[in-house]
Amino acid sequence: MRKDTFNFRITKDLKTIGKFDMPVINSFDFNNLRCKYLLVTPFNYALTEIEPESKICHFYLDDYQFERVWKEPETYVEILKKFNAVIGADFSMYENLPLPQQMYNNWRNKVLMAYWQQQGVRVIPNVQWSNERSFDFSFDGYSPGGTVAISSTGCQFKKAKENFIKGYHKMCEVLKPDKVILIGKLHEELKADEKIINIPSFMEERRKLWAEEEAVSNQKITQ
């Protein structure tokens, strides 16, 4: 039997909208979180997470670490259902990628989010963009309002930071979210925005822990 490489089995029943036929993604009510503790777990730790009901799973990782959810989407539904919530997929939209490739990755993210919602996963819509060229399609498909998630990972250099902040304001203008969960560094220019809930990235937390452990170890050596 021919392999369904393009996932027609999950895309054929999805409702789409806009000139690019992006899947429709329902908004997420922050009050629907089963646990108010905003602790996050990257998808590559999802299988070994012992308390998924208290964690939010995210995909802010290198693409190869979660390509499997696209290749075998049905396999991971029950795993994702166990989590407090799941921030949608995040296949990369680097601004140096050809625009069709950016659009394809953006579409794949939305397909998976819409499919997971259809299957009963509590999905916090992940919104992503690259630069202004991507604004034409990046915000299609999302229902306005509610809580969305974004990541500032990789947006520290000047140009990337400028595009991130410009895209953030465009997202707020188009989608009008009530709350924005931001994983990663909160730029100074956005600190006054009360919609933002900033959660350090997994690696930031790990580096902090490593630094504390090293400090304790050094203290013992000098004693």
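**The cavity and its surroundings**

Modeller: The lining of the largest cavity is made up of Ile25, Asn26, Ser27, Pro125, Tyr142, Ser143, Gly145, Val148, Leu175 and Pro177. The model is a predicted one, and the cavity described here is a computed feature of that model. Its volume is about 40 Å³, and the structure holds one cavity of 30 Å³ or more. As to how such a space is found, rolling a probe the size of a water molecule over the atoms shows where empty space is left.

Two of the lining residues lead directly to secondary structure. Val148 belongs to strand E7, which covers residues 147-151, and Leu175 is at the end of helix H6, which covers residues 158-175. Strand E7 is part of an open sheet of three strands, in the order E7-E8-E9, with parallel pairing. Its edge strands are E7 and E9 (196-199), each of which pairs on one side only. From one strand to the next, the twist averages 25°. Strand E8, residues 179-183, is joined to E9 by four bridges, and the two run parallel. Within this pair, Ile183 is the residue that stands opposite Ile199 of E9. Helix H6 lies across E7, E8 and E9, and runs at about 170° to E7.

Strand E6 belongs to a second open sheet, which has four strands in the order E3-E4-E5-E6 and parallel pairing. Strands E3 (39-42) and E6 are at the edges of this sheet; each has a single partner strand, so one side of each is left without a neighbour in the sheet. Two bridges join strand E4, residues 55-58, to E5, and these strands run parallel. Ala85 in E5 is the bridge partner of Ile56.

Ser134 counts as buried because its relative accessible area is 0%, and buried means under 20%. Not counting residues up to four places away in sequence, Ser134 touches Met93, Gln102 and Trp129. The C-alpha atoms of Ser134 and Met93 are separated by 8.9 Å, although these residues are 41 residues apart along the chain. The side chain of Ser134 also reaches the backbone nitrogen of Ser130, at 3.0 Å.

A further loop, between strand E5 (85-87) and helix H4 (99-118), holds Phe91. Phe91 is likewise buried, with a relative accessible area of 0%. With neighbours within four places in sequence left aside, its contacts are Asp63, Phe66, Glu67, Trp70, Asn105, Arg108, Asn109, Leu112 and Gln128. For Phe91 and Glu67, 24 residues apart in sequence, the C-alpha to C-alpha separation is 8.3 Å.

Trp70, one of the contacts of Phe91, is also touched by Asn7, as is Pro73, not counting residues up to four places away in sequence. Asn7 lies in the segment before helix H1 (8-11) and is buried, at 1% relative accessibility. The side chains of Asn7 and Arg9 are joined by a polar contact of 3.1 Å.

Conventions. Residues numbered from 1 in each chain as written. Predicted model: local features only at pLDDT ≥ 70, side-chain atom pairs only at ≥ 80, totals over all residues. Heavy atoms only, no water. Pairing = 2+ DSSP bridges. Axes fitted to C-alpha atoms, helices over the stretch in contact; angles between N-to-C directions. Contact = heavy atoms within 4.5 Å. Buried < 20%, exposed > 50% of the residue type's maximum accessible area, 1.4 Å probe, protein only. Polar contact = N/O pair within 3.5 Å; in protein donor to acceptor, adjacent residues only side chain to side chain. 1 Å grid on protein atoms, 1.4 Å probe; cavity = no way out; pocket = protein on both sides within 12 Å on 5 of 7 lines; lining within 4 Å. Points joined across faces, edges and corners; volume = space filled by probe spheres on them.
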